[in-house]
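Morning, everyone. Please look at the structure on the screen, and I will go through how the chains meet.

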Amino acid sequence: MSAANLNLRLLLRLAILAVVAVFLQVAAIAQLRILGATADLSPLVVMAVGLLCGTLPAASMGFAIGIMVDVALLQTMGLTSLVLLIAGWWVGRLRELRDPQSPLAPLAIGAAVAAISTIGYGVGQFLLGVESPLSWLLVGQTLSTIILDGLLAVPVLALVRRWLAPVLPDDPRRRRRRAYTTGGLSPLQKA
Amino acid sequence: MYDRKTVRRRRAVLGLLVACSLILLTASFGEGTGGALHAVQRGVANVLSPVESVATGALKPFRDLFGWVGDTFSAKKDNKALRSEVRELRAQNADLQDAAADGRALRKLFDLDGDIGIDGASQVTARVVFQSATVWYSTIKIDKGTADGVRDDQAVVDGDGLVGSVVDVGSNWAKVQLITDAQSGVTARVAGTGGANLITGTVSVGSPGNPKDLLLGFLVPRLARSIAVGDVVETSGIASSRFSSKFPRGIPIGRVSKVNENEIDTSQQVHVTPFASLRNLDYVQVITAPQA
């Protein structure tokens, strides 16, 4: 399969993923309260794309999902997309610089992305003119959402990986690691 | 790992996306509800509304399941509080029966049968299809619009009391600003006061993110000492210098939950718990036209 064809298929899958994620978020997940908190799927999908595809796809995905959320919920346009593209960019950079491989990494990154999204949106709201004082309940709900999103990050990443795996380009670093873990000889053993 | 050209290109794309977001934000925040971006949002909402309505209906069992799990945790506490409230209400009911008889006689006497009130108003029942995905409890979207007689600024209630007002409307949907939104303000009065004892004010959000805390502020008279916990607050139908009145008089808003003398002295405000359950709205009614 040519690189251009692969990129096109990846783009198509990312677009479908964005639409499905926004639809699920606004039609179902936003209305489900789990122990007083509401999960936010959008930053988790952006996180998963960032961990699997890198900086640029994640930032673009964050921008696109943000626009769709703002349009669907009749919110001030641009705020959610700004917050999510920053979150996507951060996860993409994290993947490129650190490439976290721990099984617990998605949990921590998911919580961090949810924190960026929730707190960023809140700061944006205050900058746009919400004059009321910060309440403890708001802080509590923000924390609940961050914890819930952290827990959901692992299954969301697994689902997104499953969806994107057939069209993901090979990562040379991963191929190298696989050679060691699947029985291949290390340079020392070869010597 | 990446050459300089790739890095520059990525930074350029990021800069472009950030600039696009900021331009959209500025344009969307600055323009009125009739602006181009709002028109796009309304157009998309018109197209998506039937799909959303079907999806919301189909997913209701799942929402109910999660709601049931959550409700179970608080059911015991609610049960105790409700039993106590029932006892109080039984006692109040006897007093109110007498008061109602007096009221009927007085209304007949002063020919006030045609007064604006929620009982006599035309109402449209609507299903809530979207709730704001954030923790701010600011807006909801309903599945009725101009085709059903819904217009901007109409009051929205649920079975318990005032929910908010219509701020944007399409042919088959409407956006409702909740009374817990930071921009919302409702002119109100303390029920049971009148004449020289009339206490009025403006109900606004108490703590952002807390759907059970409103403030009755800008009290008139400024030192309203007679106000007490348990007093019912209702719409006054009076326009104030801060907010135009969108609501017919007499729609119950909530009950005074906390009165702090220092707060009255310094801020002329008391706390109110809304009657409407703003956290779990399934159906609401839009008061489309008061009966003449």
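**Where chain A meets chain B**

Here 49 residues of chain A are in contact with 49 residues of chain B, contact being heavy atoms within 4.5 Å. Before going on: this is a predicted model, where local features need pLDDT of at least 70 and side-chain atom pairs count only at pLDDT 80 or more, while totals for chains, interfaces and linings use all residues. Residues are numbered from 1 along each chain as its sequence is written, chains are lettered from A and ligands numbered from 1 in the order in which they are written, and side-chain values use heavy atoms, with hydrogens and water left out.

Now the area. About 4500 Å² is buried between chain A and chain B, with 72% of that from carbon and sulfur atoms; buried area is the accessible area (1.4 Å probe) that two parts lose on being put together, summed over both. On the chain A side, A:Q31, A:L74 and A:M77 lose the most area to chain B, together 16% of what that side buries.

How many salt bridges are there between chain A and chain B? The count is 1, where a salt bridge is a side-chain nitrogen of Lys or Arg within 4 Å of a carboxyl oxygen of Asp or Glu. The side chains of A:E96 and B:R10 form a salt bridge, at 3.0 Å from N to O.

Last, charges over rings, meaning NZ of Lys or CZ of Arg within 6 Å of the ring centre and within 35 degrees of the ring normal. A:R13 sits over the face of A:W163, 4.4 Å from the ring centre. In chain B, B:K141 lies over the face of B:W173, at 5.8 Å from the ring centre.
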